[in-house]
Amino acid sequence: MGCSVGVQGDRPRASDPATASAASTAAPIDRGRSERTQRLLDDFVATARRGGSTAALVSARDPVFAARAAVWAANLGRVDWSQMSWTAGTRSTDLAPSSRTAPGAWVQSVVVRWALPGQARVAQEELWLTFADEAGADGGPATIVIAGDGAGPRGDAPAPIWWQQAVTLQRAGSTLLLTARPAGTWLEEAAAARDAVRKRIGTADRDPDGPLVVELPQSRAVFEQTLGVTSTSYAGVAAAAWPMGPETSSAPIHVVVNPELTAQLSDLGREVLLTHEAVHVATRSPGSPAPTWLVEGYADQIAYRAHPAGRAPAEKAVRELVREKGAPSTWPTEADFAPDAADLDLAYDLAWTAARSIASAYGDDALNRFYAALDRGESMEEAAERIGTTPKQLRQRWRADLADLAGR
Ligand SMILES: [Zn+2]
């Protein structure tokens with residue numbers, strides 16, 4: 001069961017409106033319209049956050065959309081956001097009149113920025129909304145309303161979990177869980193994972209004060225759209241440590257859980273998974289120049305040190321592989337970790353044995369330092385030298401460990 005570490009390239013950027021069919025006439029928006037749009041967005045956010053009714057700010061022509069907008073409003077009011085802003089983009093396009101929108105409706109980009117209590121980094125997504133001027137119910141003057149969210153050039157672009165479903169925020173110290181109730185034992189297990197990681201990763205820690213944010217979507221579809229990946233392409237991925245914004249280096253990294261796959265996990269399996277993901281968050285794995293076998297092997301090594309009973313299936317899989325085909329001569333490649341790779345689980349298990357081999361030969365602290373060196377962008381030779389060895393020796397020792405494992 002794989003995990004995935006988001007990298008910038010994995011995140012499709014929201015399309016340029018000029019290239020999208022629904023927005024083929026995109027033009028710089030006139031200032032008056034832009035200011036009215038911004039006032040509406042500010043009004044929506046402020047009203048929702050104080051628990052007021054946003055019904056008058058949303059078109060009633062499309063009841064499905066109106067219900068979705070009511071979910072946003074409820075989420076805005078329910079969660080104690082430390083930051084929440086919706087900023088109108090500078091370009092828009094007019095829409096042909098349809099049954100769902102009034103004449104003169106237009107589509108416009110909206111950048112949402114949001115942060116949770118204790119988060120210094122701010123998540124950011126570009127979304128698209130439809131706006132319209134609609135006459136009041138009493139035939140009064142037309143007022144601007146939010147009229148839809150389906151007409152923009154969205155494709156597989158990511159959207160926040162709270163844009164897609166009802167959420168509550170649950171907290172345990174510096175661990176935060178966004179999900180619909182009930183969430184079972186996820187929060188306490190995530191908090192334990194954060195503690196276990198902080199205790200073990202030493203110099204590899206890149207964000208010592210950062211909270212651990214876990215998002216638990218209600219469906220696989222929400223999981224996929226939260227990441228912004230094609231439908232079903234991440235069906236085999238149990239959870240992802242994902243940068244929540246277009247700039248991987250500055251975005252907060254959240255753990256997003258695949259509810260379908262994790263429903264089958266034992267308590268121990270969930271604890272191992274959360275600890276593994278918490279390593280990615282604490283080391284800010286997404287965007288790290290370290291090779292993927294080390295990023296994943298290191299996360300598993302920390303997770304199995306915290307939960308030794310969890311390593312048996314990985315040991316068994318590697319033992320069978322080596323007995324059948326011999327020990328591999330090289331560390332797993334980048335392609336071995338593609339979300340749809342045929343032997344994804346085996347790539348993780350092999351990577352773990354490679355990381356474990358370093359820890360057992362040179363010590364846990366040496367593995368932390370080796371990881372930190374590669375994470376800083378040092379070469380494999382330089383990183384190995386820091387713990388008094390060479391890449392060749394590391395591979396030889398790993399292969400000897402694998403032969404040893406197969407003999408047991
Ligand atoms: Zn991972």
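Predicted model: local features only at pLDDT ≥ 70, side-chain atom pairs only at ≥ 80, totals over all residues.
1. Residues are numbered from 1 along each chain as its sequence is written.

2. Back to Asp156: there are 15 other C-beta atoms within 10 Å, so Asp156 is partly exposed (buried is 20 or more such atoms, exposed is 12 or fewer, partly exposed is in between, with C-beta atoms placed from the backbone). Asp156 and Ser231 are 75 residues apart in sequence, yet their C-alpha atoms are 8.3 Å apart in space.

3. Now the largest nonpolar core, which has 106 residues. A core here is a set of buried Ala, Val, Leu, Ile, Met, Phe, Trp, Tyr and Cys residues joined through C-beta atoms within 7 Å. Ile146, Val279, Tyr298 and Tyr371 touch the most other members. Helix H8 gives the most to this core, nine residues. Domain 1 (17–152) and domain 2 (168–407) both contribute, so the core lies between them; the domain bounds come from an automatic or database domain assignment.

4. What does Ile146 touch, not counting residues up to four places away in sequence? Its partners are Leu40, Phe44, Leu57, Val58, Ser59, Ala69, Leu129 and Phe131 (contact means C-beta atoms, placed from the backbone, within 7 Å).

Note on methods
Helix = DSSP H or I, 4+ residues; strand = E, 2+ residues; numbered from the N terminus. Contact = placed C-beta atoms within 7 Å.
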